[in-house]
Amino acid sequence: MSLIPFWQPILVSAVFVFFASSAINMALKFWHAPDYRGFSNEDEVAAAMRKGNPAPGVYVIPFCAPESFKDPAVKAKFEQGPIAKINLSPNGMFNLGRFLGAWFLFCLVVSVACAGLAAHALPPHPGTHAILHTTGLGALLGYSFGEATNSIWRAQPWIVSIKYAIDGLVYAAITAATFAWLWPAAA
């Protein structure tokens with residue numbers, strides 16, 4: 001089945017999720033603001049990092065090859081700490097428009113995936129429950145389940161991943177409701 005009949009629920013659900021995420025992040029300051037912290041000696045940390053002139057990318061402290069994990073000097077570095085995973089962006093003021101554009105594109109990709117899943121998994125005239133269930137589950141997978149990897153591999157506190165997963169549950173409900181509302185008659 002073609003995805004063309006689904007253009008309206010794809011676009012509208014992406015717009016609704018985009019605005020819902022904006023509301024969550026701007027209006028609910030108590031929700032994600034505590035997730036981010038600064039160093040008490042930020043200027044010193046930044047100066048030390050600038051000294052090495054690092055390119056944008058992902059850095060780890062202490063950095064070592066897996067085969068050196070048994071080396072006592074490496075073990076000592078881990079025991080002494082800190083242990084960090086640091087994402088460095090290019091210098092300069094960040095372009096919020098670029099981030100928001102990428103987020104909207106991601107919302108579209110999730111909605112297209114939901115449409116593709118529904119188009120192939122559902123019969124020609126599914127009931128509302130089947131539409132809600134199928135597209136909601138697809139959106140939940142797209143918006144929420146990847147957050148666990150940030151806690152597992154990147155040391156993000158679990159509470160932060162759980163809060164982003166809850167956001168994803170809200171986005172999944174919005175996506176599912178939009179698809180149920182705007183389900184194409186030709187589908």
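Is Phe 104 buried, partly exposed or exposed? Phe 104 is partly exposed, with a relative accessible area of 25%. Buried means under 20% relative accessible area, exposed over 50%, and partly exposed in between (1.4 Å probe, protein chains only).

## Model and conventions

This is a predicted model: local features need pLDDT of at least 70, side-chain atom pairs count only at pLDDT 80 or more, and totals for chains, interfaces and linings use all residues. Residues are numbered from 1 along each chain as its sequence is written, and side-chain values use heavy atoms, with hydrogens and water left out.

## Overall architecture

The protein has 8 helices and 2 strands. Their order from the N terminus is α-α-α-β-α-β-α-α-α-α. Helices (H or I, at least four residues) and strands (E, at least two) are DSSP runs, numbered from the N terminus.

The radius of gyration is 21 Å, whereas a compact globule of 187 residues would have one near 16 Å. That radius is taken over C-alpha atoms, and the globule rule is 2.2 Å times the number of residues to the power 0.38. Along the principal axes, the C-alpha atoms fill a box of roughly 65 × 35 × 30 Å. Buried residues make up 31% of the 187. Among contacts (heavy atoms within 4.5 Å) between residues at least 6 apart in sequence, 77% join residues at least 24 apart.

## Aromatic pairs

The structure has 12 aromatic pairs. Rings of Phe, Tyr and Trp (its six-membered ring) pair if their centres lie within 6.5 Å; planes under 30 degrees apart count as stacked, over 60 as edge-to-face and the rest as tilted. Phe 18 and Phe 104 are edge-to-face, because their ring centres are 5.8 Å apart and their planes stand at 90°. Phe 18 sits in helix H1 (residues 7-27) and Phe 104 in helix H5 (residues 96-121), so this pair ties together parts 86 residues apart in sequence. Phe 18 counts as buried, at 17% relative accessibility.

Tyr 143 and Tyr 171 are also edge-to-face, with centres 5.5 Å apart and planes at 75°. Tyr 143 belongs to helix H6 (residues 128-143) and Tyr 171 to helix H8, so the pair ties together parts 28 residues apart in sequence. Tyr 143 is buried at 9% relative accessible area. Tyr 171 is buried at 5%.

Thr 175 lies in helix H8. Its relative accessible area is 0%, so Thr 175 is buried. Leaving out residues up to four places away in sequence, Thr 175 touches Ser 13, Val 17, Ser 111, Cys 114, Thr 135, Ala 139 and Tyr 143.

The structure holds 1 salt bridge (a side-chain nitrogen of Lys or Arg within 4 Å of a carboxyl oxygen of Asp or Glu). Lys 163 pairs with Asp 35, and the closest N and O atoms are 2.6 Å apart. Lys 163 is in helix H8; Asp 35 is in the loop between helix H2 (29-32) and helix H3 (42-51), 128 residues apart. Both residues are buried.

## Surface

The protein exposes about 12,500 Å², with 68% supplied by carbon and sulfur atoms. Accessible areas come from the Shrake-Rupley method with a 1.4 Å probe; for residues, only the protein chains shown count as cover.

Ile 152, Trp 153, Trp 158, Ile 159, Ile 162, Ile 166 and Val 170 form a nonpolar surface patch of about 740 Å² accessible area together. Helix H7 (147-154) and helix H8 (158-181) each give two or more residues to the patch. H8 gives the most, with 5 residues. Patch residues have over 30% relative accessible area and no salt bridge; like charges are joined within 9 Å, nonpolar side chains (Val, Leu, Ile, Met, Phe, Trp, Tyr) within 5 Å.
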